[in-house]
Amino acid sequence: MAKTATINMRINPEVKEDAESIFASLGMTLTEAINIFLHKSIMEGGLPFSVRQPRYNKETEAALVEARDILAGKVDAQRYDSADALFADLGL
C-alpha cells in the first residue's frame, strides 16, 4: 500500500527528540515507529498497551510528594557531609 496520507502533530520538542533517539537506537525513524504503533493498534482493536494510573502504597506516595517538593524548592533536602554521617542518621 502506498504511503500517501499525512499526519501533522504538535508535540513537545524534548519528547520528540527523546523518542527519535530511542527509535534510532532500534534502527528506525519516528515515522516508522508511529506506523508500527498504528498497525499494532489496528490489530489489537485499540491501544496496544494498558492505560491506567499507577497505584502506589502510602509510603511511596509520600516519598513522591516529598521528592516533588524538594525539586520545586518547597522543602530543603537533608544533606550529609559524608556517608558515615548518613549511616549514623539512619542508625546503621
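Trainee: What is the volume of the largest pocket?
Mentor: The largest pocket has a volume of about 700 Å³. On a 1 Å grid over the protein atoms alone, a pocket is an open set of points where a 1.4 Å probe fits, with protein on both sides within 12 Å along at least five of seven lines. The volume is the space filled by probe spheres set on the points, which are joined across faces, edges and corners.

Trainee: Which residues are closest to its centre?
Mentor: Ile7, Thr31, Ile34, Asn35 and Leu38, out of 19 lining residues. Lining residues have an atom within 4 Å of a point.

Trainee: Before I go on, what kind of model is this?
Mentor: This is a predicted model: local features need pLDDT of at least 70, side-chain atom pairs count only at pLDDT 80 or more, and totals for chains, interfaces and linings use all residues. Residues are numbered from 1 along each chain as its sequence is written, and side-chain values use heavy atoms, with hydrogens and water left out.

Trainee: Back to the pocket. Which helix gives the largest share of the lining?
Mentor: α2, with seven residues. Both α1 (13-25) and α2 (30-44) supply at least two lining residues each. Helices here are DSSP runs (H or I, at least four residues), and strands are E runs of at least two, numbered from the N terminus.

Trainee: And what is the lining like by class?
Mentor: There are 12 nonpolar, five polar and two charged residues. Ala, Val, Leu, Ile, Met, Phe, Trp, Tyr, Cys and Pro count as nonpolar, Asp, Glu, Lys and Arg as charged, and the others, Gly among them, as polar.

Trainee: How far does α2 reach?
Mentor: α2 reaches 21 Å from its first C-alpha to its last, over 15 residues. That is close to the expected 21 Å at 1.5 Å a residue. The expected span is 1.5 Å times one less than the number of residues. Just after α2, Gly45 takes a positive phi of about 75°.

Trainee: Switching topic. How many aromatic pairs are there?
Mentor: A search of the whole structure finds one. The rings of Phe37 and Phe49 have centres 6.2 Å apart and planes at 35°, so the pair is tilted. Phe, Tyr and Trp rings (for Trp, the six-membered one) pair if their centres lie within 6.5 Å; planes under 30 degrees apart count as stacked, over 60 as edge-to-face and the rest as tilted.

Trainee: Where do the two partners sit?
Mentor: Phe37 is in helix α2, and Phe49 is in the loop between α2 and α3 (58-71). They are 12 residues apart, and the pair links distant parts of the chain.

Trainee: How accessible are they, Phe37 and Phe49?
Mentor: Phe37 is partly exposed at 35% relative accessible area. Phe49 is partly exposed too, at 47%. Buried means under 20% relative accessible area, exposed over 50%, partly exposed in between (1.4 Å probe, protein chains only).

Trainee: Now the overall fold. How many helices and strands?
Mentor: Four helices and zero strands, in the pattern α-α-α-α along the sequence.

Trainee: Is it compact or spread out?
Mentor: The radius of gyration is 22 Å, well over the 12 Å that the globule rule gives for 92 residues, so the protein is more spread out than a compact globule. The radius is taken over C-alpha atoms, and the rule is 2.2 Å times the number of residues to the power 0.38. The C-alpha trace spans about 65 × 25 × 25 Å along its principal axes.

Trainee: What share of the residues is buried?
Mentor: Buried residues make up 3% of the 92.

Trainee: One last spot. Where is Ile42?
Mentor: Ile42 lies in helix α2 and counts as exposed, at 66% relative accessibility. Ile42 and Lys58 are 16 residues apart in sequence and 38 Å apart in space, C-alpha to C-alpha.
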